[in-house]
Amino acid sequence: MFASLPMYLAPDTAGPYGRLWARIRDGLRDHGIAAPDALDHDTPPAEGWARDDLILGQICNLPLRLGRSNGATLIGTCDHGVADVPPGHYASAYMVHRNASADDPMAYTGGTLAINDAESHSGWGAPQTHAASLGHSWRRAVVSGAHRNSAALVAEGTADIAAIDLITLAILRREDHPALRDLRMISQTPSAPGMTLITRHPDPAPFRAVISDAIATQSPDDRAATGLRGLVTLPDSDYTMLSVPPAPPLTTASPA
């Protein structure tokens with residue numbers, strides 16, 4: 001059996017997510033659904049999505065639209081209470097160096113965009129879809145491997161701009177991530193569905209009930225760390241309205 005909630009794992013969220021899982025696990029067992037004792041923090045997300053024994057996983061909406069869930073059952077979308085977007089949605093912040101002059105993100109499309117992964121909606125899909133809607137496209141991208149690395153690449157000048165989802169940005173701010181001291185937010189992308197929970201179990205109903213209850217009964221401190229406010233079942237149209245952007249010319253870099 002396998003369960004993982006990897007997308008917003010950080011030093012201050014590991015404990016809260018562990019306690020959240022304990023309530024989900026016990027609730028699933030009460031419904032006769034076997035569940036592992038603890039979350040897996042080591043398996044890469046895409047490997048977890050493919051497992052036949054997947055009890056609970058978390059997938060970004062671009063890999064979901066690309067079919068990377070391998071036919072898993074959709075449970076619902078996490079609602080982090082992001083301001084000014086619909087429930088269950090999020091957006092990405094355009095971050096540039098604090099000394100950069102332009103406040104229009106499209107002014108940077110001729111430069112280098114730092115992206116965490118070419119199949120990340122928040123880091124790549126959102127800015128490219130946004131640019132295309134305005135008649136632009138990002139011409140160069142450097143893959144950093146993580147949003148925090150993208151921030152560092154912009155801070156050190158290896159990249160000109162990055163799109164960092166607002167939930168991760170809140171985590172980096174709580175950590176006082178050093179790169180943020182040299183960055184500023186100039187705008188944000190349009191909203192899109194957030195992280196979706198999936199399972200190999202054929203019936204999502206008990207999962208929705210148990211997970212909703214587990215989120216609602218978080219302690220105030222755990223709620224502040226995870227940001228979770230609820231679980232939302234979004235219509236397919238929220239996903240299908242988004243195009244799948246073509247991959248850019250890619251290079252790979254790590255912060256110095």
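Just after helix α1, G32 takes a positive phi of about 80°. The model described here is predicted.

Helix α1 itself runs over residues 14–30 and has 17 residues. From its first C-alpha to its last it reaches 24 Å, close to the 24 Å expected at 1.5 Å a residue. Its buried residues are P16, Y17, L20, W21, I24, R25, G27 and L28.

The structure holds 1 aromatic pair. Its members are Y94 and W138, which are tilted, with 6.4 Å centre to centre and 35° between the planes. Y94 lies in strand β5 (residues 92–97) and W138 in the loop between α4 (121–133) and β7 (140–143), so the pair ties together parts that are 44 residues apart in sequence. Both Y94 and W138 are buried.

The largest pocket has a volume of about 790 Å³. It is lined by 31 residues, of which P6, M7, P45, N116 and G145 are the closest to its centre. Three helices, α2 (45–50), α5 (147–156) and α6 (166–174), each supply at least two residues of this lining. The table divides the lining residues of the largest pocket by kind.

| Kind of lining residue | Count |
|---|---|
| Nonpolar | 15 residues |
| Polar | 9 residues |

Definitions and conventions
Residues numbered from 1 in each chain as written. Predicted model: local features only at pLDDT ≥ 70, side-chain atom pairs only at ≥ 80, totals over all residues. Heavy atoms only, no water. Helix = DSSP H or I, 4+ residues; strand = E, 2+ residues; numbered from the N terminus. Expected span 1.5 Å × (residues − 1). Buried < 20%, exposed > 50% of the residue type's maximum accessible area, 1.4 Å probe, protein only. Phe/Tyr/Trp six-rings, centres within 6.5 Å; stacked < 30°, edge-to-face > 60°. 1 Å grid on protein atoms, 1.4 Å probe; cavity = no way out; pocket = protein on both sides within 12 Å on 5 of 7 lines; lining within 4 Å. Points joined across faces, edges and corners; volume = space filled by probe spheres on them. Nonpolar A, V, L, I, M, F, W, Y, C, P; charged D, E, K, R; others polar.
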